Each structure stands twice: as C-alpha cells, then as structure tokens.
Amino acid sequence: MTRYEQLLLLSPELGTEELQEILDRLGAIVAREGGQVLAQDDWGMKETAYPVRKFTRGHYVRLEFALPEQAVAELERNVRITEGILKFITVRLAGAATPQEA
Amino acid sequence: MSQPKKKFTPKKKFCRFCDNPELPLNYKNPEILADFITERGKIIASRVTGTCAKHQRALTREIKRARQMALLYYTATHSTDVLKKSKI
C-alpha cells in the first residue's frame with residue numbers, strides 16, 4: 001500500500017450531483033482495488049491558466065488515498081474513460097502508509 | 001566631485017525554501033511557484049533567483065506538474081483569442 005494523491009480537473013458544466021457521482025465512482029474503484037480513500041478536498045471552481053478543451057474554468061478536487069501500487073494503472077484507466085474529467089495528475093506521497101490495517 | 005567611489009553591491013541572494021522550511025514547495029501552491037517563472041512562462045534560472053540546487057530541482061518538477069494541471073501557464077501567448085471566445 002502506498003499513499004497517493006490525485007488532483008482532478010473536472011468540467012465546469014457538471015452539476016453538483018454529477019460531480020458527486022464521479023467522485024463516488026472513483027471512491028468505489030479505490031475500495032474495490034483494496035485501497036482506502038483518506039481525504040477528499042474540494043478546491044471549487046477555479047480559472048484555469050490556459051483554456052482546457054475550450055473551457056477557461058474548471059472544478060478542482062484533490063483526492064488522497066492508499067492503494068496497492070499495481071492498482072494505480074487500473075484507477076487511472078477508469079479516470080481516463082470518465083466523461084467530465086478534463087485533466088488529472090497522480091502523485092505518490094512521501095512515507096509508506098498503511099493506516100488502520102492489520 | 002571627489003567622492004569615494006561607491007562599489008555596487010547587489011542584494012545577497014538566498015534560497016527562499018532553505019530560508020523558510022515552512023514554505024510549501026509543491027504544485028498545489030501555484031502562487032509561490034509563479035514567483036519563479038517569467039511573465040512569458042519560462043522557469044527562472046537558480047543563478048538569477050539564488051535558489052539552491054536541491055530546491056531548484058524540486059521547483060522545476062513542481063512547476064511542470066502545475067502546468068500540466070492548468071494551474072500555471074506554459075506560455076503567455078496562443079491562448080488569448082480562445083479565451084475571448086469561450087463563455088464558461
């Protein structure tokens with residue numbers, strides 16, 4: 001298990017419910033792959049530094065999770081095929097973390 | 001007219017990240033990273049800013065991450081006309 005964080009840039013056209021649905025789905029994938037979501041923080045709607053798919057704004061959400069190394073590719077595959085996610089970045093966080101696990 | 005010649009001594013440069021270890025150096029704080037790029041988007045050399053080698057490497061990495069996520073710009077040009085057209 002390694003700690004990762006993922007920053008998502010979501011389309012500004014998404015409604016609150018659609019947004020929540022995407023996040024829930026990603027959370028479910030993390031759980032399915034044997035991981036655990038540790039934090040989720042919503043940066044809200046922000047101006048992007050340059051237009052992304054013709055949008056000049058986007059919704060940023062940061063996820064933090066523990067996930068086995070080999071499951072990251074599967075999560076990223078799912079992120080790529082999800083509509084409404086314009087950009088994402090996955091960053092490995094320092095420190096080996098296996099919280100709340102026997 | 002016979003004033004003693006004053007030698008120009010530039011302000012001593014220092015690494016801002018060594019000076020203040022609390023200063024977050026990561027792609028999530030584009031405001032800080034923005035101090036280290038030119039208005040055209042180029043990363044400023046450590047020779048100019050005084051950043052130490054260790055932090056300059058991290059800085060470069062984080063600036064590139066921030067660019068990827070559209071938190072910082074790659075260049076100042078090219079985007080202006082698209083910016084005007086899009087509404088959302």
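**Exercise 1. Find which residues of H1(A) are exposed and which are buried.**

Step 1. Take the exposed side of H1(A): A:Thr16, A:Glu17, A:Gln20, A:Asp24, A:Ala28 and A:Arg32 are found there. Helices (H or I, at least four residues) and strands (E, at least two) are DSSP runs, numbered from the N terminus.

Step 2. The buried residues of H1(A) are A:Ile22, A:Leu26 and A:Val30. Seen down the helix axis, they fall within an arc of 80°, so they line one face of H1(A). The arc is taken over the directions from the axis to the C-beta atoms.

Step 3. These buried residues pack against S1, S2, S3, helix H2 (72-81) and S4 of chain A.

A note on the model. It is predicted: local features need pLDDT of at least 70, side-chain atom pairs count only at pLDDT 80 or more, and totals for chains, interfaces and linings use all residues. Residues are numbered from 1 along each chain as its sequence is written, while chains are lettered from A and ligands numbered from 1 in the order in which they are written.

**Exercise 2. Check the span of H1(A).**

Step 1. H1(A) has 17 residues, and at 1.5 Å a residue it should span 24 Å. The expected span is 1.5 Å times one less than the number of residues.

Step 2. The end C-alpha atoms are 24 Å apart, which agrees.

Step 3. After the helix comes A:Gly34, with a positive phi near 90°.

**Exercise 3. Describe the largest nonpolar core.**

Step 1. Such a core is a set of buried Ala, Val, Leu, Ile, Met, Phe, Trp, Tyr and Cys residues joined through C-beta atoms within 7 Å. The largest has 28 residues; A:Leu8, A:Leu9, B:Ala66 and B:Met69 have the most contacts inside it.

Step 2. S3(A) gives the most to this core, with 6 residues.

Step 3. Beyond its neighbours within four places in sequence, B:Met69 is in contact (C-beta atoms, placed from the backbone, within 7 Å) with A:Leu7, A:Leu9, A:Lys87, A:Ile89 and B:Tyr27.

**Exercise 4. Describe where chain A touches chain B.**

Step 1. 16 residues of chain A are in contact with 13 residues of chain B.

Step 2. S2(A) gives the most to the chain A side, with 5 residues.

Step 3. The predictor gives the complex an ipTM of 0.79 and a pTM of 0.78.

Note on methods:
A residue is buried if 20 or more other C-beta atoms lie within 10 Å of its own, exposed if 12 or fewer, and partly exposed in between; C-beta atoms are placed from the backbone. Two residues are in contact if their C-beta atoms, placed from the backbone, lie within 7 Å.
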